[in-house]
Amino acid sequence: MISVQNLCGGYASTKNVLHDINLDIQEGEFVALLGPNGSGKSTLLKMLSGVLQPTSGSVHLAGKDVNQYRPKERAALVAMLEQDPPFQPTLTVEEIVQLGRYPHQGGWFAGLSGRKQTEIDMVDKAMQWANVSQYKHHLMHHLSGGEKQRVWLAKAFAQQPRILLLDEPTNHMDMYHTLDMLNVLKRWQKEENITIVAILHHLNIAALYADSVALLQDGRLQDVGDVCILRDESKISEVYDVRVHTTFHPLQPKPQMFLSPEVQGMLPESTTTFTLQDQLSIMQTDTACHIRTSVPFRTYSVALHGSGLQWATDYCNFYVPKTSKLYPRHDAKHAIEEWMKELQIPSHQAIGMWTEKHPCHTVVLHQADGKVQVSVVVSTGENHAEGGSFSSFKKSETLHTGKINIMVFIDGYFNDADFAQAMISIAEAKEKARFDLQMTRSNGPNFNEETSADNMVVACTQRAAMAPSEGCEWLLRKTVGEAVYEAVTRAIQKTTSNIVN
Amino acid sequence: MQKSFIQKYLLNKKGWIYAISGGFVLGASLLGLFISSVSYPVLDIIRVVFHHLFSIGYVEDVPRNMQLIIWEIRLPRIVLAFLVGAALSIAGAVFQALLRNPLADPYTIGISSGASLGAVIVIFFQLQWVLFGGLTLPIVAIGFGMLTLIIVLAMASLSGRNLQTETIILAGIMMSSFIGAVISLLIALSDANGLSQIVYWLMGSFRMRGWEHVQIFLPFFVVGCLLLLPFTRDMNAMALGDDGAHHVGMNVKRKKILLLSGAAILTGASVSVSGAIGFVGLVIPHFVRLLIGSNYKHIIPLSMWIGGGYLVLCDLLSRTVIVPQELPIGVITAIVGAPIFSIFLIKKRRAE
């Protein structure tokens, strides 16, 4: 649909903004033009629309050079949404949209053709489509930014183009209007199979809506292709000269980028003066073990409250006797939120879990091995005998452990895989401890039974300088495993002796 | 249902504005016809006009000199005042649309200065009766006006792509200043008699204008209107900016030249027959905008009616205020118009 060949050109004849651009865009494609300010995106768009003449090379639209079209033919093929139109016409919305019919109306008697029913219907349809019919008789400059942009869109729609060019269509728009605008565009693209070329500044928005992207830098095309090229962190970082971190949208198979501010330091970058233990304030009461960290830790957890990957500052294990009215039988999640409220813990950055009964079952262990520092907090639930209920507890030969909740705090830098690795190490160490003590589990591995599983938390300082080097990984795994094994063993022994006594 | 009601209301409102402005023109013309230093019976005046227009009725009992005054002096003067008022208002509206500048008026880009220079040269060198009899001055003035337009357009297109608006304005101002200086030079060099003639002419007047002036003005008026009236849609599109107009499919450069030429023809012809009358071309389009909005589909025809009617009224005042003296009409348009339109503007803006 659009074919750009060896395009060079700019505003002054002596200095080119664009250098040798080659680009092919298929019909029905949504292409996002990306690149830093001054990279030539707007210039390229101006040449695509024929406002600016190239010094060399060509732009072909639907097989014909853009500058060979007669103005009205061209406008019936290409519509353009300018970035913040420099003039604020004092026309009404309807009058603006009517201008979109310009290319479809004849010359000298155009004033009359505007009265034809088909023309009136088309203008009404465009206003309805862009949802601006209710502003029909309002003056353009009385509308908000988002509404104005919709009016321009309605005007473009009335033009019935096959190609739509947009220069930062969502500039200065809030989230709602940005998505609204792009949803409308996307619908248009799907329904009418129009080709869209848009300059977008939000890479994440571009990744979500565009089919492909063209990356410009200093007037040259750096890369063009599927949105997946946005996964290339080093390329994006190079083009925009910022450090980006690429992940994926949780619900869409699209890359999403994160930026980091220059000033990071909540924790010291070097290891020399840093002690992990000092960052944790552990508060033990009759009802809970509450750990607050001095700064948010990157946390990966399987817990009742605050599961998944996040940043957290508060880690709680509540002790709830089975006899208590508070014992969470049904809505444990909600119960935990209530308990947090009582302790005035900000629940949106907290991890919450619970074990049965008593506080003395918590073991805190700090361990350091060379560069690696680990703190482990293990809470165990009531151990009890085979078949024994809580009220009629009898001594028995085989003991079952109740829940074992483990929190591991690590000084280091973990990526997603490291977190998963740590989880595995913790689970293995826990089971080994249980095995070595010849304990079986009361809450598993009977998968049919509806019991709450053990909870696990890995929290990491995420100090950038601490990214695990190749040789360090096994050390970390070893230290975590050993610490967890030790702590779990002690915790189980403590509980057991408690029962025996 | 509600929508169609609103639509009807708006249509009706526009209909009323058109009807009232039509009535305004008719009323102004009749007043201009009836009121003068010498008063005649209204019925006789109407009979004379009808007799000459449609060859009906019996006017033998009406004195010959009265017939002459009505038909040869009063009526052409009214017709010419209307046409000039209409032409200046249309031209003002077009310049404002084209240059996207609310301060633009028919004199902004120097056409009127050029026409004035032509007239001043004729007066200075006493050429009034040389070439075309009494019409030498208007013909030379129109020629100079068109020449100025060509020079301005040439300057603008030489200095940049696509006839940029700012360039046109600058070239026009340059031209105006230059020509203004030449006119001042000629004034400085003239004797007392020539001086008063030139100054009086520059202030504008319809004194001593007859059907031959209407005749020479009418073709330019028709051509100008033909070049402008069908293109109100393009004037609206100009509000999108040059690029915006390009994007909706307008041939920007060609339409600019067309509209500039149309407006320049109207301006040059007006200045040639009546001198440089100020205020009308600047303010009437704004007044119309306050009435009906910024759609040139309505601004152009309404400016034509209201501007024409307004100038007829002003001409009436200029010849009746201090009889038997006549005031320059350019004085009346502003002295009467400025307060009226200021009050209107304030009221309208406060109501918004």
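Predicted model: local features only at pLDDT ≥ 70, side-chain atom pairs only at ≥ 80, totals over all residues.
Two strands pair if DSSP finds at least two bridges between them. Helices (H or I, at least four residues) and strands (E, at least two) are themselves DSSP runs, numbered from the N terminus.

Residues are numbered from 1 along each chain as its sequence is written, chains are lettered from A and ligands numbered from 1 in the order in which they are written, and side-chain values use heavy atoms, with hydrogens and water left out.

I begin with strand β23 of chain A, residues 456-460. Strand β14 (residues 288-302) of chain A pairs with β23(A) in the antiparallel sense, over five bridges. In that pairing, A:Y300 has A:V458 as its bridge partner. Strand β21 (residues 404-410) of chain A runs parallel to β23(A) and is joined to it by five bridges; here A:M407 stands opposite A:V457. How many of the five residues of β23(A) are buried? Five of the five are, where buried means under 20% relative accessible area, exposed over 50%, and partly exposed in between (1.4 Å probe, protein chains only). In a regular strand the side chains alternate between the two faces of the sheet. In β23(A), A:M456, A:V458 and A:C460 lie on one side, A:V457 and A:A459 on the other, and both faces are covered.

I turn next to the open sheet of chain A. Six strands form it with mixed pairing, in the order β6-β7-β8-β3-β9-β10. Strands β6 (78-81) and β10 (220-226) of chain A stand at the edges with a single partner strand each, so one side of each has no neighbour in the sheet. On average, neighbouring strands of this sheet are turned by 15° against each other, direction ignored. Within the sheet, β3 (residues 30-34) and β8 (residues 195-199) of chain A run parallel and are joined by four bridges, with A:F30 opposite A:I196. Helix α6 (residues 145-158) of chain A packs on the sheet, touching β6 and β7 (163-167), and its direction makes about 170° with that of β6(A). Contact here means heavy atoms within 4.5 Å; axes are lines fitted to C-alpha atoms, for helices over the stretch in contact, and angles run from 0 to 180 degrees between N-to-C directions.

Is A:Q189 buried or exposed? A:Q189 counts as buried because its relative accessibility is 2%. Among the residues that A:Q189 touches, not counting those up to four places away in sequence, are A:F30, A:I196 and A:D211.

Finally, the interface. Chain A contributes 32 residues to the contact and chain B 27 residues. Between them the two chains bury about 2,800 Å², 57% of it on carbon and sulfur atoms; this is the accessible area (1.4 Å probe) that two parts lose on being put together, summed over both. On the side of chain A that touches chain B, α2 (71-77), β6, α3 (93-99) and α6 each supply at least two residues. The largest share of that side, four residues, comes from α2(A).
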